Amino acid sequence: MTPQPPPVPDNAEGRPRRVGVEIEFAGLPPRDTANLVQELFGGEVEVLSPHRLKVTDTRWGEFGIELDTQYAHPDAERVDPDACQDSEWERMRQEFHQRTRELIGDVVTGLVPTEIVCPPVPWDELGELDALFEALRQRGAKGTDASLLYGFGLHLNPEAPSLDVESLLAHLRAYLLSARWLREQIQVDITREVLPHANPFPRAYALKVLDPDYAPDLETLIDDYLEYNPTRNRELDMLPLFAHLHPEHPHELLDDHLVKPRPTYHYRLPNAQLSESGWGAVQEWNRWLEVEVLAASPETLAERGAQYLARHRPVWPVRLWQSLRRRLGQS
């Protein structure tokens, strides 16, 4: 499968826009996974802890591989090599902590996913990255549909074609209008529907954003998003992008250590379909492009937004009652 070109193929530097890819799976522990990445893309394997490794100096940069639970890894706040130099008790305490976390990782391997965080890859090279997905299949890695316990996903982090608020709003609107189609195409696994990791946007937020009179500045766009979506678990998670654009914003979610500021959209919806031959990052990228194509078509975007509002907006007596309730609540 060939990656299709986006409406805006290059970034501001004139280079192909890049896409970060994250994949979760079971059946292959982190150390074996790191060795596989090295076989495919070269580089050097570096062991950070028994269940957290990285492969550096590949053609695209650094791959991170780990068990996807914080309890399998030493807590950085509890491990201080300098403190061990003058205290035997401190050395024993830290060794016990590290060994305990290693044992937890040994126990939960197979129950919690291994995760690969790929470096940003130019969109036109995603087909070469797909060799990783085929190799994982051949090595016995298990995806979302292998068990009712496996709520695994694939995340794409496409570099934003523009950081202007008008472009951000257009992409948000396009996603809200495309979300149902994307869910139907992906056939989101029932386990992932039940778990909260890729929840849909509330309708009230969609109605607000799709209103043609909604023309926020960046601060208002961020504040409104956080008001209606105080969570990381949205199918299109805007928090990393907002944290990049507004690092001084006071909301605690934008300061969460799990939110990695970056100039990308964080698209969390796809399943990890490792049992499906030919499935990989390219297929999900090509689906994602429905959003970008719509965002780049102002007339079509406005027309579809109007159709959505006509279907879902409350009729005028309901709107009047809601307006009165808001006014009474403010008085």
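Predicted model: local features only at pLDDT ≥ 70, side-chain atom pairs only at ≥ 80, totals over all residues.
The next topic is charge. Side chains of opposite charge can pair when their charged atoms come close, and the structure holds 14 salt bridges. One of them joins the side chains of Glu 134 and Arg 137, with 3.0 Å from N to O. Both residues lie in helix H3, three residues apart, which is about one turn of the helix. An α-helix has 3.6 residues a turn, so residues three or four places apart point the same way. Glu 134 is partly exposed, at 30% relative accessibility, whereas Arg 137 is buried, with a relative accessible area of 17%, since buried means under 20%.

Other salt bridges link separate elements. The side chains of Arg 183 and Glu 193 meet at 3.1 Å, N to O; Arg 183 lies in helix H4 and Glu 193 in helix H5 (residues 190-194), so this pair ties together parts that are ten residues apart in sequence. Arg 183 counts as buried, at 16% relative accessibility, while Glu 193 is partly exposed, at 38%. Asp 211 forms a salt bridge with Arg 313, and their closest N and O atoms are 2.6 Å apart. Asp 211 sits in the loop between helix H6 (203-210) and helix H7 (218-228), and Arg 313 in the loop between helix H10 (298-312) and helix H11 (316-330), so the pair ties together parts that are 102 residues apart in sequence. Arg 313 is partly exposed, with a relative accessible area of 34%. There is also a network of salt bridges, in which Glu 46, Lys 54 and Glu 62 are linked.

We turn now to the packing of helices. Helix H4 (residues 165-186) and helix H9 (residues 281-295) pack at an angle of about 145°, with their axes 8 Å apart, and H4 passes H9 in a right-handed crossing. The residues that make this contact include Ala 170, Ala 174 and Trp 181 of H4, and Arg 287, Trp 288 and Val 291 of H9. Helix H4 takes part in another piece of packing too, for the buried residues of H7 pack against H4, H6, strand E8 (236-237) and helix H8 (239-245). In H7, the residues Leu 221, Ile 222, Asp 224, Tyr 225 and Leu 226 are buried.

Finally, the surface has a nonpolar patch of about 360 Å², made by Leu 148, Ile 190 and Val 194. Leu 148 is placed in the loop between helix H3 (126-138) and strand E7 (154-158), and this residue counts as exposed because its relative accessibility is 68%.

Note on methods
Residues numbered from 1 in each chain as written. Heavy atoms only, no water. Patch = residues over 30% accessible without salt bridge, like charges linked within 9 Å, V, L, I, M, F, W, Y side chains within 5 Å. Areas by Shrake-Rupley, 256 points an atom, 1.4 Å probe, with all protein chains shown as cover. Salt bridge = Lys/Arg side-chain N within 4 Å of Asp/Glu carboxyl O. Helix = DSSP H or I, 4+ residues; strand = E, 2+ residues; numbered from the N terminus. Buried < 20%, exposed > 50% of the residue type's maximum accessible area, 1.4 Å probe, protein only. Axes fitted to C-alpha atoms, helices over the stretch in contact; angles between N-to-C directions. Left-handed = near helix turned anticlockwise from the far one by under 90°. Contact = heavy atoms within 4.5 Å.
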